[in-house]
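Student: Please take one part of this chain and go through it closely. I would like the helix packing and the sheet beside it, with the cut-offs spelled out.

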Amino acid sequence: KVGIIGVIGEGLTSSISAEFVENYKFLDPVPIVERLSSKLRTEELCDVVVVAIHDYDSSTNERFAALSGDSVVDAVLCAHTHQRIAESIKRNGEYNLPIIQSNTKNISIGKATLVLDENKDMESYYLDHFKPSIYKEDSSLKSIMDVYYEVTKIYENEVIGYNKGGFDKKTLGISTMTYV
């Protein structure tokens with residue numbers, strides 16, 4: 001039984017269109033994951049807990065790896081930086097916590113395979129990336145994606161701001177953006 005915890009990450013407010021997040025708080029995800037992972041393992045009897053986080057931040061990932069007991073996390077699926085990443089960091093014990101992220105615009109799709117031993121403890125993992133461009137199109141999936149394409153298409157030629165300087169993760173959109 002697999003439990004999945006979805007969080008966005010802390011400090012991303014300025015890198016997401018302000019009108020979509022003005023009523024939200026972007027909290028530190030680690031205490032939330034710690035609480036929910038324990039609940040998934042003890043109350044929902046999950047064998048595996050995976051974190052799907054929009055952010056990719058090595059210090060946050062290290063904090064996930066440091067969780068222990070019923071709060072332990074077995075894999076992290078990241079996004080935000082749109083890089084192809086397949087890495088791991090040492091988790092408590094002998095297990096390495098797998099972390100995967102795929103490229104932007106469907107250039108690659110990531111796959112994390114988690115292998116459990118007979119006691120349902122994490123034994124190993126495999127991380128792979130695939131290129132969707134080499135696969136045949138699935139018409140039922142395409143019809144779902146077409147709906148989302150139409151919703152976002154209205155923004156494709158809209159100017160949302162001008163860059164007056166360089167950006168980094170902490171300053172994106174804070175004071176260097178002029179919104180139109």
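Tutor: The chain's secondary structure comes to four helices and nine strands. Helices (H or I, at least four residues) and strands (E, at least two) are DSSP runs, numbered from the N terminus. Their order from the N terminus is β-α-α-β-α-β-β-β-β-β-α-β-β.

A word on the source. This is a predicted model, in which local features need pLDDT of at least 70 and side-chain atom pairs count only at pLDDT 80 or more, while totals for chains, interfaces and linings use all residues. Residues are numbered from 1 along each chain as its sequence is written, and side-chain values use heavy atoms, with hydrogens and water left out.

Start with the helix pair. Helix α2 covers residues 29–42 and helix α3 covers residues 58–66. Their axes come within 10 Å and cross at roughly 25°. Axes are lines fitted to C-alpha atoms, for helices over the stretch in contact, and angles run from 0 to 180 degrees between N-to-C directions. α2 and α3 are therefore roughly parallel to each other; angles under 35 degrees count as such, over 145 as roughly antiparallel, 65 to 115 as roughly perpendicular and the rest as oblique. The crossing of α2 and α3 is right-handed, meaning that the near helix is turned clockwise from the far one by less than a right angle.

Now the residues. From α2, the contact uses P29, V30, P31 and V33. From α3, T60, R63 and F64 take part. Contact means heavy atoms within 4.5 Å. By class, the α2–α3 contact has five nonpolar, one polar and one charged residues. Ala, Val, Leu, Ile, Met, Phe, Trp, Tyr, Cys and Pro count as nonpolar, Asp, Glu, Lys and Arg as charged, and the others, Gly among them, as polar.

Two strands pair if DSSP finds at least two bridges between them.

V51 has V76 of β3 as its bridge partner.
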